[in-house]
Protein chains: 2
Amino acid sequence: MNYYAGIDLGGTKIYSIVINEQGEILSRNKIKVGEDKSIDGVLLLINQCYIESVEKSGLNFDDIKYVGMAVPSAVDIKKGILLNAPNLGWKNIDIAARLSKITGKKVFIDNDVNLGTYGEYSSGDNKNLKHVYGIFAGTGVGGGYIFDGKVVRGAASTAGEIGHIVVSYNGPRCNCGNKGCLEAVAGKVGIVKYIVKRADKKGKETLLDTISPNWRSSLGSSAIRKAFESKDKIVRKAVLKSANFIGIACANVINTVGVEAVILGGGLIEELSDIYLPVIEQTMKQYAIAGGADNVKIIKSSLGDDAVAYGAAMIVSKAETEEYLVYGGVS
Amino acid sequence: MNYYAGIDLGGTKIYSIVINEQGEILSRNKIKVGEDKSIDGVLLLINQCYIESVEKSGLNFDDIKYVGMAVPSAVDIKKGILLNAPNLGWKNIDIAARLSKITGKKVFIDNDVNLGTYGEYSSGDNKNLKHVYGIFAGTGVGGGYIFDGKVVRGAASTAGEIGHIVVSYNGPRCNCGNKGCLEAVAGKVGIVKYIVKRADKKGKETLLDTISPNWRSSLGSSAIRKAFESKDKIVRKAVLKSANFIGIACANVINTVGVEAVILGGGLIEELSDIYLPVIEQTMKQYAIAGGADNVKIIKSSLGDDAVAYGAAMIVSKAETEEYLVYGGVS
C-alpha cells in the first residue's frame with residue numbers, strides 16, 4: 001500500500017494531509033506562517049507541518065511515497081520551480097528540490113488553484129467526468145482546467161486564468177492593469193469597487209458601514225451575506241451582478257471548449273451558495289449557445305479547506321506526474 | 001496507398017477534393033447549389049461533385065477509402081446526423097448514412113468550422129502543434145478547438161462557438177439573442193451595426209454609400225478594404241474595433257485554456273490581414289495574463305477555399321474517426 005502527502009502552502013498558513021491509495025484522508029495538520037517569510041524559515045515550517053501530518057496518520061515516514069505541494073504562484077512544473085508568489089515575496093525558487101532535500105521524498109509542485117480544482121475533481125463521483133472547468137471566486141477569481149482527466153496548464157501556464165478573461169469591455173479596472181476582467185466585476189474586489197462607486201461617489205447608504213466598518217479595505221464573505229440578508233440594496237445588486245458575471249464566464253467556457261461540468265467554489269460562492277448557484281445556472285443557460293448548457297453539471301465545491309492539499313496528494317498518486325517529480329537528495 | 005475524399009457542403013456550393021496518404025491534394029471540384037435545396041436533390045449534387053473529383057484525380061473509385069464531409073450545422077458525429085443547418089433549411093438529417101448509401105463508402109461528417117480549423121492545423125508545420133484554437137471572422141465569427149492534435153467538440157458540440165462568448169457585457173445585440181457576443185462586435189454583422197449607428201443615427205458620412213450602396217444588407221470584405229484605404233473614418237474605427245475584439249478573444253482563449261497557437265482566418269481577416277493581424281497580436285499580448293501570449297504563435301490561415309474540404313479529407317485519414325464512420329450499404 002502506498003501513501004501520499006499533500007501540502008497547501010499559503011501566505012498565512014501551511015496545511016498538510018496524508019492519503020492512502022484509495023484517496024482517503026488519514027490525517028490533517030495546520031501551521032501558521034508568521035512574519036518570517038524567508039524561504040529557509042518557511043521551508044522548516046513546511047517540513048514541520050508535513051512531519052506532524054505523517055505522525056498523526058500513524059504511518060512511518062518510509063510509507064510515504066511522494067509529496068505534492070500546492071503553491072500560490074505560477075509554476076514551472078517540469079523543474080519544480082515556483083515562479084512568482086507575491087503573497088510570500090518569492091520569485092524563481094527551486095522549492096521542489098529544496099523540499100525534497102529536507103523530506104527525503106520526491107516532490108511535485110503545482111499552482112494552488114489548479115490543484116484545488118483537481119482536488120474537487122478527484123472527489124466522489126466527479127472523477128468520472130473527463131472535461132471540467134473550475135471557477136473559484138473569493139477576493140479574486142481563479143480557475144483550473146481539466147481535460148481527459150488531467151490538469152491542463154497550457155503553453156505558458158495561463159490555463160485557468162479565467163479571472164482575467166474580458167467580459168465587460170472597458171469596464172472596471174482590474175488589478176492586472178486591464179479593464180473589464182471577470183475578477184474586476186465578479187470577485188470581492190469587484191463587489192467592493194461596485195459598492196464604493198455607489199456609496200462614496202453617489203452618497204448612497206450601505207449597511208456595511210455598521211456591519212463591517214473597514215469594508216473598503218477588507219470585506220469578509222460573511223459580512224456580505226449579512227448585508228445581503230438585511231436587504232442592503234447596493235450589496236444585493238453587487239452580489240447579483242457578481243453571480244451574473246460568473247454565469248457568463250461559465251457560458252464563455254462552454255462556448256469556447258464545451259466542458260461537461262463546472263466546479264464552483266471559493267469563499268464568496270461557498271458562503272453565499274444559495275444566492276450564487278441559481279443565478280449562475282440561469283445566466284449560464286442563457287448565454288451558452290443553443291441549449292449547450294442544458295446538460296452541463298454544476299458542481300459545488302465540497303472539500304472546503306482540504307481541497308488544495310487533497311489535489312496535491314491525489315495528483316502525485318497518479319502516473320502522469322511521475323516524470324515531473326523532483327529529487328533533491330537527502331541532506 | 002490509401003486515398004480519401006473531403007467534401008465541403010455549403011448553402012450555395014459544394015466543393016470536393018481528393019488527397020493521398022501524405023495529405024497532398026490530387027484534385028479539386030466545385031458545383032453550385034441552385035434553388036433546389038431538397039435533401040435528395042442536394043445529395044445527388046454532392047455525389048456528382050465527389051464523382052467528378054475522383055475522376056479528376058485519375059484514381060479508381062475503389063482507391064478511395066473513406067469520405068469526410070463538412071456541413072454548415074451542429075453535428076452528432078457518432079450517428080452522422082446533421083442537426084440544424086439554417087442555410088439549407090435542414091434539421092436532423094442522417095446525411096452520413098444517406099451519402100454512404102449513394103457513394104458506397106463509409107462516411108464521416110462534422111461541422112464545417114471544426115473541419116476548417118482542422119484543415120489549417122493539418123497543413124505545413126502546424127501539425128507539430130498540439131493545442132490550438134482557430135478563430136474565423138466573416139459575416140459571423142466561428143471557431144474550432146484542437147487539443148492533443150484532435151478536434152474537440154465538447155459535451156454538447158459547443159466547443160468552437162467563440163463567436164458567442166460575451167466580451168462586451170450589455171453591448172450590441174447579437175443574432176443569437178444575447179448582447180455583447182464577440183460576433184456582434186467583431187464579425188461583419190458587428191461592423192455593419194457600428195457603421196449604421198454612426199451613419200444613420202448620428203448622420204455621419206461613409207464612403208460605403210458610394211463604394212457599396214447596399215452595404216446595410218450586404219457588405220463585402222473588399223468594399224470594407226476599399227473604404228478603409230480611402231480613409232473613411234467610421235469604417236476605419238469599425239475595423240480596428242473588430243480587430244481589437246478578436247485580439248481580446250485570443251487573450252480570453254489563452255487565459256482560459258492556454259493554447260500554443262491561434263489560427264486566424266475567415267473572409268474579413270483574410271481580406272484585411274495586414275490591418276487585422278498587427279492589431280490582434282498587440283491586443284492579445286495586452287490582455288493575456290503575465291506575458292502568457294509572448295510565445296503564442298499567430299497562424300494566418302493559408303488554405304483559402306480548400307481549408308474545410310481538406311480538413312474533412314484529412315480527418316478521415318486518421319484512426320480517431322474510424323469509430324464514427326457511418327456505413328449505409330450500397331444502393
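Select helix H5 (residues 188–201) and helix H8 (residues 233–257) of chain B: their axes come within 9 Å and cross at roughly 145 degrees. Axes here are lines fitted to C-alpha atoms, for helices over the stretch in contact, and angles run from 0 to 180 degrees between N-to-C directions. Helices (H or I, at least four residues) and strands (E, at least two) are DSSP runs, numbered from the N terminus. The model is predicted, so local features need pLDDT of at least 70 and side-chain atom pairs count only at pLDDT 80 or more, whereas totals for chains, interfaces and linings use all residues. Residues are numbered from 1 along each chain as its sequence is written, chains are lettered from A and ligands numbered from 1 in the order in which they are written, and side-chain values use heavy atoms, with hydrogens and water left out.

**The pair H5 and H8 in chain B**

The crossing of H5(B) and H8(B) is right-handed; a crossing is left-handed if the near helix is turned anticlockwise from the far one by less than a right angle, and right-handed if clockwise. Next, display the side chains where the two helices meet. From H5(B), select B:Ile191, B:Tyr194, B:Ile195, B:Arg198 and B:Ala199; their partners in H8(B) are B:Ile234, B:Val235, B:Lys237, B:Ala238, B:Val239, B:Lys241 and B:Ser242. Contact means heavy atoms within 4.5 Å. By class, the contact of these helices has eight nonpolar, one polar and three charged residues. In this scheme Ala, Val, Leu, Ile, Met, Phe, Trp, Tyr, Cys and Pro count as nonpolar, Asp, Glu, Lys and Arg as charged, and the others, Gly among them, as polar.

Remain on H5(B). Its 14 residues should span 20 Å at 1.5 Å a residue, and its end C-alpha atoms are 19 Å apart, which agrees. The expected span of a helix is 1.5 Å times one less than its number of residues. Which residues of H5(B) are buried? They are B:Lys188, B:Gly190, B:Ile191, B:Val192, B:Tyr194, B:Ile195, B:Arg198 and B:Ala199. Buried means under 20% relative accessible area, exposed over 50%, and partly exposed in between (1.4 Å probe, protein chains only). The buried residues of H5(B) pack against several helices of chain B, including helix H4 (182–186), helix H7 (221–229) and H10. An α-helix has 3.6 residues a turn, so residues three or four places apart point the same way. Just after H5(B), select B:Gly203, where phi is positive, at about 70 degrees.

Move to B:Lys233, which is in helix H8 of chain B. B:Lys233 counts as exposed, at 70% relative accessibility.

**Helix H10 in both chains**

Select B:Ser273, in helix H10 (residues 273–287) of chain B. B:Ser273 is buried, with a relative accessible area of 13%. Beyond its neighbours within four places in sequence, B:Ser273 is in contact with B:Pro278 and B:Lys300. H10(B) has 15 residues and reaches 21 Å from its first C-alpha to its last, close to the 21 Å expected at 1.5 Å a residue. Among the buried residues of H10(B) are B:Ile275, B:Leu277 and B:Met284.

In chain A, helix H10 (residues 273–287) has 15 residues and reaches 21 Å, close to the expected 21 Å. The buried residues of H10(A) include A:Tyr276, A:Val279, A:Ile280 and A:Tyr287.

**Loops of chain A**

Continue to A:Ala290, in the loop between H10 and strand E13 (297–300) of chain A. Phi of A:Ala290 is near 45 degrees, a positive value in a residue other than glycine. At 78% relative accessibility, A:Ala290 counts as exposed.

Next, select A:Ser157, in the loop between strand E11 (150–152) and helix H4 (182–186) of chain A. A:Ser157 has a positive phi of about 55 degrees although it is not a glycine, and it is partly exposed, with a relative accessible area of 29%.

Then find A:Asn126, in the loop between helix H3 (112–121) and strand E9 (132–137) of chain A. Is A:Asn126 buried or exposed? A:Asn126 counts as buried, at 10% relative accessibility. Not counting residues up to four places away in sequence, A:Asn126 touches A:Glu120, A:Tyr121, A:Lys297 and A:Ile299.

**Cysteines**

Finally, display the cysteines. A search of the whole structure finds zero disulfides over all chains, a disulfide being a pair of cysteine sulfur atoms within 2.5 Å. A:Cys176 is in no disulfide, and the nearest cysteine sulfur, that of A:Cys181, is 3.7 Å away. A:Cys176 is partly exposed, with a relative accessible area of 33%. For B:Cys250, the closest cysteine sulfur is in A:Cys181, 16 Å away and too far for a bond. B:Cys250 is buried, with a relative accessible area of 0%.
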